[in-house]
Amino acid sequence: MAEYTRLWNCLALIRLRNPPVNSISTAVLHGIKAGLQKALTDHTVKAIVICGADGKFSAGVQVCDSSVFYNAQCSP
Ligand SMILES: CCCCCCCC/C=C\C/C=C/C(=O)SCCNC(=O)CCNC(=O)[C@H](O)C(C)(C)COP(=O)(O)OP(=O)(O)OC[C@H]1O[C@@H](n2cnc3c(N)ncnc32)[C@H](O)[C@@H]1OP(=O)(O)O
């Protein structure tokens with residue numbers, strides 16, 4: 001749902017993958033958080049790129065997944 005890749009040089013990549021429009025579900029949100037945690041614990045990472053799979057970034061929050069708002073506000 002969100003794939004972490006350590007790129008060349010000092011870059012890390014988090015790719016959102018939730019077809020068809022890479023909307024942000026709770027699972028995607030957790031994937032973003034896991035990717036950020038990996039990047040933050042790798043002290044050679046200087047920049048994090050977030051992109052969407054298949055040529056699209058993201059349609060924003062996943063419609064009908066109201067738990068995304070709860071998780072975005074309540075997760076440390
Ligand atoms: C890294 C960032 C982390 C951020 C964490 C955020 C946590 C939450 C906190 C903040 C609040 C966030 C608010 C928002 O995100 S508001 C924005 C909500 N999104 C939208 O309003 C976009 C609505 N969609 C569109 O405008 C269009 O669909 C489009 C421009 C994205 C694409 O248009 P088009 O190419 O014409 O395709 P379709 O409209 O036909 O859609 C294809 C397909 O995709 C489904 N779909 C579209 N958007 C969503 C969505 N947001 N959630 C779920 N599904 C979506 C659409 O229903 C179609 O499905 P199908 O009929 O089954 O084919």
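## Strands and the sheet

Two strands count as a pair if DSSP finds at least two bridges between them. Helices (H or I, at least four residues) and strands (E, at least two) are DSSP runs, numbered from the N terminus. With that in hand, here's the sheet: three strands make an open sheet in the order β1-β2-β3, with mixed pairing. β1 (2-6) and β3 (47-52) sit at the edges with a single partner strand each, so one side of each has no neighbour in the sheet. On average, neighbouring strands here are turned by 20° against each other, direction ignored; the axes behind that angle are lines fitted to C-alpha atoms.

Let's zoom in on one pair. β1 and β2 (residues 11-16) run antiparallel and are joined by five bridges. One thing to look for is T5, whose bridge partner in β2 is L13.

## What you're looking at

This is a predicted model, so local features need pLDDT of at least 70 and side-chain atom pairs count only at pLDDT 80 or more, while totals for chains, interfaces and linings use all residues. Residues are numbered from 1 along each chain as its sequence is written, and side-chain values use heavy atoms, with hydrogens and water left out.

## Around the ligand

Which residues come nearest to the ligand? Of the 14 around it, they are P20, A59, V61, Q62 and V63. (Being near means that a heavy atom of the residue lies within 4 Å.) By class, the shell has eleven nonpolar, three polar and no charged residues. Here Ala, Val, Leu, Ile, Met, Phe, Trp, Tyr, Cys and Pro count as nonpolar, Asp, Glu, Lys and Arg as charged, and the others, Gly among them, as polar.

Now for some polar contacts, meaning pairs of N or O atoms within 3.5 Å. A polar backbone atom of A59 is 2.6 Å from a nitrogen atom of the ligand. V61 has a backbone N or O atom 2.8 Å from a ligand oxygen atom, and V63 has one 2.9 Å from a ligand nitrogen atom. The protein covers 37% of the 1,200 Å² of accessible area that the ligand has on its own (Shrake-Rupley method, 1.4 Å probe). The elements giving two or more residues to the shell are α1 (26-41) and α2 (67-74), and α2 has the largest share, three residues.

## A glycine in a loop

G55 lies in the loop between β3 and α2. Is G55 buried or exposed? G55 counts as exposed, because its relative accessibility is 82% (exposed is over 50%, buried under 20%, partly exposed in between). G55 and V21 are 34 residues apart in sequence, and their C-alpha atoms are 9.5 Å apart in space.

Conventions
Polar contact = N/O pair within 3.5 Å; in protein donor to acceptor, adjacent residues only side chain to side chain. Axes fitted to C-alpha atoms, helices over the stretch in contact; angles between N-to-C directions. Buried < 20%, exposed > 50% of the residue type's maximum accessible area, 1.4 Å probe, protein only.
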